[in-house]
Amino acid sequence: MDFKQGGQVIQRIRKKRGLTQEQLAEKIGIEPNSISRIERGALTPALPTLIDICNVLEVGADFVLAAYIFVDTPIRWSPLAEKFKGMELEKQRKIETILECMITTI
């Protein structure tokens with residue numbers, strides 16, 4: 001399995017929150033190199049670690065976990081799910097990025 005996508009989501013949110021890997025690691029009580037490995041997809045976080053990461057980053061676990069799930073029907077917990085059906089995963093990610101930018105500027 002490729003866990004790089006979920007790691008990239010964690011990295012993007014961490015940077016958005018203005019945290020270094022070292023700061024995030026300290027807040028959840030793990031080694032900084034573990035955060036690096038999670039973000040690169042070289043290490044899959046254990047559930048308690050993922051929960052701690054989500055709590056520190058103030059993001060729902062579903063947001064991070066959705067990046068790990070590869071299925072024919074995209075899993076999104078929003079009214080936009082119907083519009084995303086059949087759309088390539090890369091296009092979905094681009095739309096999510098655009099929406100995030102719009103939401104932060106409103």
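Which helices do the buried residues of α3 pack against? Before we get to that, keep in mind that what you're looking at is a predicted model. Now find α3 and look at its buried residues, which are S34, I35, S36, I38 and E39. They pack against α1, α2 and α4. Just after α3 ends, you'll come to G41, which takes a positive phi of about 85 degrees.

The largest nonpolar core has 16 residues, and I35 is among the members that touch the most others, along with I10, I53, L57, V59 and V64. Where do the core residues come from? The elements that give two or more residues to this core are α1 (4-16), α2 (21-28), α3 (32-40) and α4 (47-57). The largest share, four residues, comes from α4.

So let's stay with α4 and see how it sits against α1. In general, two packed helices are described by the angle between their axes and the distance between the axes. Here, the axes of α1 and α4 come within 10 Å and cross at roughly 30 degrees. An angle under 35 degrees counts as roughly parallel, and α1 and α4 are therefore roughly parallel to each other. If you like handedness, α1 passes α4 in a left-handed crossing. On the α1 side, the contact is made by I10, I13 and R14, while α4 brings L50, I53 and L57. Sorted by class, that contact has five nonpolar residues, no polar ones and one charged.

Look again at the spacing of residues along a helix. An α-helix has 3.6 residues a turn, so residues three or four places apart point the same way. With that in mind, pick out L50, I53 and L57 on α4, the residues that meet α1.

L57 deserves a click of its own. Leaving out residues up to four places away in sequence, L57 touches I10, I13, R14, R17, L19 and L24.

E58 has a positive phi of about 55 degrees, although it isn't a glycine. Is E58 buried or exposed? Its relative accessibility is 65%, so E58 counts as exposed.

Finally, head to helix α5 (residues 61-65), where you'll find L65. With 34% relative accessibility, L65 counts as partly exposed. L65 and F3 are 62 residues apart along the chain, yet their C-alpha atoms are separated by 10.0 Å.

Technical notes: Residues are numbered from 1 along each chain as its sequence is written. This is a predicted model: local features need pLDDT of at least 70, side-chain atom pairs count only at pLDDT 80 or more; totals for chains, interfaces and linings use all residues. Side-chain values use heavy atoms; hydrogens and water are left out. A nonpolar core is a set of buried Ala, Val, Leu, Ile, Met, Phe, Trp, Tyr and Cys residues joined through side-chain atoms within 4.5 Å. Buried means under 20% relative accessible area, exposed over 50%, partly exposed in between (1.4 Å probe, protein chains only). Contact means heavy atoms within 4.5 Å. Axes are lines fitted to C-alpha atoms, for helices over the stretch in contact, and angles run from 0 to 180 degrees between N-to-C directions. Angles under 35 degrees count as roughly parallel, over 145 as roughly antiparallel, 65 to 115 as roughly perpendicular and the rest as oblique. A crossing is left-handed if the near helix is turned anticlockwise from the far one by less than a right angle, and right-handed if clockwise. Ala, Val, Leu, Ile, Met, Phe, Trp, Tyr, Cys and Pro count as nonpolar, Asp, Glu, Lys and Arg as charged, and the others, Gly among them, as polar.
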